[in-house]
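Reader: Hello! Could you walk me through this protein one question at a time?

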Amino acid sequence: MSQRQVLQVFEQYQKARTQFVQMVAELATRPQNIETLQNAGVMALLRPLLLDVVPTIQQTAALALGRLANYNDDLAEAVVKGDILPQLVYSLAEQNRFYKKAAAFVLRAVGKHSPQLAQAIVDCGALDTLVICLEDFDPGVKEAAAWALGYIARHNAELSQAVVDAGAVPLLVLCIQEPEIALKRIAVSALSDIAKHSPELAQTVVDAGVIAHLAQMILNPDAKLKRQVLSALSQIAKHSVDLAEMVVEAEIFPVVLTCLKDKDEYVKKNASTLIREIAKHTPELAQLIVNTGGVAAVIDCIGSCKGNIRLPGIMLLGYVAAHSENLAMAVIISKGVPQLSLCLSEEPEDHIKAAAAWALGHIGRHTPEHARAVAVTNTLPVLLSLYMSTESSEDLQVKVLPHDSKARRLFVTSGGLKKVQEIKAEPGSLLQEYINSINNCYPEEIVRYYSPGYSETLLQRVDSYQPLTN
């Protein structure tokens, strides 16, 4: 056998390996192939190819593993059990940018499924290497590393703390200042995932100077970046008065109100969420939002969208109104009640109806004047029909008739309780149960007073009454 023929054997072997990894990577993009690949023992076959002498084979093997692990937690578990992670971490530090991106993708694909799988990534020492990748010259490598770190941090406070301890936060803040939009988005998202778990983690993110950079990006034309920026500010503001005030001090008002008119539905939703997370803390912060026109802008936003996009805005109105009589009156003056009433009658989902009922309860509970503002929109018959509906969830029924004396009084004075007594229900029926649960909110004599025929019963008692004679 000549030397050339010997070399041809090796060339053919290399071609076969190349073809194999390319085909597996391609097949792994289609969900219908995953089970077959898994049953054929693809994980064990890909593992040695991560150490291949040919760089393109290494990269394609990593890409195929990432696609498989991304698909479900069983395959992600197989990556962990197959002892593949240490190899990836080693290569992540040593190899070229193409391999680094592929290896970081595998780590992200494994870590996204559960805290346990994310912990496996931490345990094999991946965080330090991923953080080094955040300083890579190539923006694609930075992006892949930021993505993996965010997916690890999003599970819980302990994993987030591990990401913080590895030194990721200052480097992620540098990444959001880079020109590439995709890198900005992923870095902001990762910071948001770290900040969301606790006031301490949010404070760590704030201490790295992130708020000023986020505030400058609120008007960025890229909708996906705006979504992430608004979400990150919400995740910081939600934890405490101090953090909410720091967000406000970055002069996000009135700029953030323009996002409520954005073409992108999720920009609207996230802007409403941010305003809600600030307003909920104190009457002063709620008043600031009223003064900048925030409440009126949110009411317009609720009117311009449907479904879950409305939810944060609806809740904002409830939080603002709950703080004080004056703030509740500000919601009334801004025409919040008719808009909430509309949500109550036109939204099909119970949790949105429940939020609208809850917000209306907070508006109406302060004084008779507030209660009247709710009653005149003809909301009470709608509330009553929701309470009586067999399709309404328990949560909705509780929100409709809360354990609040003013709300219960309003239900009586508007004729709601009288209407309930006029309903003819089969004894022992579900409807009768609902009527009983409403009646249980009131003293027995009040229920009797509003029951049909009670006045006749009283007159009969007058007729048959024999006064005691001396």
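Predicted model: local features only at pLDDT ≥ 70, side-chain atom pairs only at ≥ 80, totals over all residues.

Reader: How far apart are the end C-alpha atoms of helix α7?

Author: Helix α7 runs over residues 97-111, which makes 15 residues. At 1.5 Å a residue it should therefore span 21 Å. The model agrees with that, as the end C-alpha atoms are apart by 21 Å.

Reader: How many of the residues of α7 are buried?

Author: This helix is mostly covered. What covers its buried residues includes α4, α5, α6, α8, α9 and α10. Among the buried ones are Tyr-99, Phe-105 and Gly-111. Of the 15 residues in α7, the number buried is twelve.

Reader: Is His-370 buried or exposed?

Author: His-370 lies in helix α25, and its side chain reaches the backbone oxygen of Glu-325 at 2.9 Å. Away from its neighbours in sequence, its contacts include Ala-328, Met-329 and Ile-363. Buried means under 20% relative accessible area. His-370 has 3% relative accessibility, so it counts as buried.

Reader: Which helix supplies the largest share of the lining of the largest pocket?

Author: The largest pocket has a volume of about 280 Å³. Of the 14 residues that line this pocket, Arg-154 and Ser-189 are among the closest to its centre. α10, α13 and α16 each supply at least two lining residues. The largest share, six residues, comes from α13.

Technical notes: Residues numbered from 1 in each chain as written. Heavy atoms only, no water. Helix = DSSP H or I, 4+ residues; strand = E, 2+ residues; numbered from the N terminus. Expected span 1.5 Å × (residues − 1). Buried < 20%, exposed > 50% of the residue type's maximum accessible area, 1.4 Å probe, protein only. Contact = heavy atoms within 4.5 Å. Polar contact = N/O pair within 3.5 Å; in protein donor to acceptor, adjacent residues only side chain to side chain. 1 Å grid on protein atoms, 1.4 Å probe; cavity = no way out; pocket = protein on both sides within 12 Å on 5 of 7 lines; lining within 4 Å. Points joined across faces, edges and corners; volume = space filled by probe spheres on them. Lists of a residue's contacts leave out its neighbours within four places in sequence.
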